[in-house]
Amino acid sequence: MTVSVKLRPLTYLKSVGALALTGRGFSNPVDLAVGESDGVMYVINRANAFQAPMGAVRVGICTVDDEYIGQFGGFGTGDGQFTWPTSIARDSKGNTYVSDEHRHDVQVWDKNNEFVRKFGGFGSEPGQMNRPSGLAVDLDDNVLVVDHLNNRIQKLTPDGKPISQFGSAGSGPGEFNMPWGITVDSGGNIFVADWRNDRIQKFGPGGNHLATIGSSGTGDGQLNRPSGVGVGVDGTIYVADWGNERVVVFTPEGYPMTTLAGDSEMTKWGAEFLSANQDLLNGRAVADDVSVEKRFWGPMAVRTDHHGRIFIADSCRHRIQIYER
C-alpha cells in the first residue's frame, strides 16, 4: 500500500550555471559536492565526445552566490585528468575524490586542488573496480565507491586500501543491478540508487540491508532509472529520478511525499551571456513558449547541506537547481 504525507515547505531558491566549455559555467554536470561552511560547490562536468577535447571535462568551482572561483582537471588519461567522470565527493580535510568509469579508478586532490594520488584499476578483486560510479565519504572519512558493473559497494581508506564490501548482482534485498548514486546520512546509514532495479536501498553503516524504497513506474513514489540520492538533515530522502525527468521526495520512512519537476528561472550567468548576444535575445522574444526551460532535463544527482538546501545537477540544461526548506 502506498501512503502519501503532506510535505513541509520546500521552496525553489535559485539556479546557478550556463553552458560553457571552460571557465565560468558547466557542461553536462553529473554530480557536485557542497562545502558545509562556505557554500562552495565543486561540480564535475562530463561534457560530450565533441566538447571533451576542448577542455569541457573538468571540476568547476563556484559559490551558491554565483561567484566563479576556478577549475581543475581536464580531458585525458594522465594523472589529474578525466575521461568519463561520474561522481565527486570531499572529506573533512578538504580532499576531493573523483571517480572515472573509463579509467576504472578514483583520483584524489588536496585542499589546494593539487593532484596527490589515485587508486583502483580494472578488475573484481577487493580494491579493483569495473566502471565506478557514485562516491561518498562516511563519518570516518572512509571512501564509499559504487562499483557499478561489479554490483557492489566498496569501502576504502582515503589511500584506497580495501576495508569491506557488500552487495552482489540480483534484485533481492541487498542485491544490485547496475547501481549508480550513493550518499551517507548523519547517522552513517548508506543509501544507494539501484539504477536498473528502479529503487533506493538503505543500509546500516556496516552494510546490512535496512529498507527498500520505490518501485518501477511513473506514479507516486515510483522510479525509472534513479541516478542519485540525497538525505536532508531531517531525514527526508531526495531521489534524482533520471528516467522520469524529476526528483521524487520521500519521508525518512520511505513514503512518497511529492515530486519536483524543476522551477528554474534564468541564471545570473545565463542572463549576462544573453545580454551580450542580441540575436539570441531576438530569438527568445519570438519563441512560442520558453517555460519548458524551467524543467529538469536529465537530473543526475541530488546533494544536501546542513542549511536545509537541496542541490540538483540538472545535467542537460548545464546548471544546478537549488531548493531550500
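What follows is a conversation about pockets, strands and backbone angles in a predicted model.

Trainee: What rules apply to this model and its numbering?
Mentor: The model is predicted, so local features need pLDDT of at least 70, side-chain atom pairs count only at pLDDT 80 or more, and totals for chains, interfaces and linings use all residues. Residues are numbered from 1 along each chain as its sequence is written, and side-chain values use heavy atoms, with hydrogens and water left out.

Trainee: What makes a space a pocket and not a cavity?
Mentor: On a 1 Å grid over the protein atoms alone, a cavity is a set of points where a 1.4 Å probe fits but cannot get out, while a pocket is an open set with protein on both sides within 12 Å along at least five of seven lines. A lining residue has an atom within 4 Å of a point.

Trainee: What is the volume of the largest pocket, and which residues lie nearest its centre?
Mentor: The volume is about 880 Å³, where volume means the space filled by probe spheres set on grid points joined across faces, edges and corners. Of its 32 lining residues, Val 34, Glu 36, Arg 90, Val 137 and His 306 lie nearest the centre.

Trainee: How is the lining of the largest pocket divided by class?
Mentor: It has 14 nonpolar, nine polar and nine charged residues. Ala, Val, Leu, Ile, Met, Phe, Trp, Tyr, Cys and Pro count as nonpolar, Asp, Glu, Lys and Arg as charged, and the others, Gly among them, as polar.

Trainee: Which elements contribute to the second largest pocket?
Mentor: The second largest pocket holds about 620 Å³ of space and has 22 lining residues. Two or more of them come from each of α1 (268-275) and α2 (278-286), and α1 gives the largest share, four residues. Helices (H or I, at least four residues) and strands (E, at least two) are DSSP runs numbered from the N terminus.

Trainee: Why are β1 and β24 called edge strands?
Mentor: The open sheet has the order β1-β26-β25-β24, with antiparallel pairing. β1 (11-17) and β24 each have a single partner strand, so one side of each is left without a neighbour in the sheet.

Trainee: How do you know that β1 and β26 pair?
Mentor: Two strands pair if DSSP finds at least two bridges between them. β1 and β26 (residues 319-324) have six bridges, in the antiparallel sense, and Gly 17 stands opposite Arg 319.

Trainee: Why is β7 called largely enclosed?
Mentor: Buried means under 20% relative accessible area, exposed over 50%, and partly exposed in between (1.4 Å probe, protein chains only). Five of the five residues of β7 (residues 96-100) are buried, so the strand is largely enclosed by the rest of the structure. Thr 96, Val 98 and Asp 100 lie on one side, with Tyr 97 and Ser 99 on the other.

Trainee: What are the partners of β7?
Mentor: β7 pairs with β6 over five bridges in the antiparallel sense, and with β8 (residues 105-109) over five bridges, also antiparallel. Val 98 is the bridge partner of Ile 88, and Asp 105 that of Asp 100.

Trainee: What makes Ala 47 worth a mention?
Mentor: Most residues other than glycine have a negative phi. Ala 47 is not a glycine, yet its phi is positive, about 60°. Ala 47 is in the loop between β3 and β4 (58-63).

Trainee: Is Asp 66 buried or exposed?
Mentor: Its relative accessibility is 12%, so Asp 66 counts as buried. Asp 66 also has a positive phi, near 75°.
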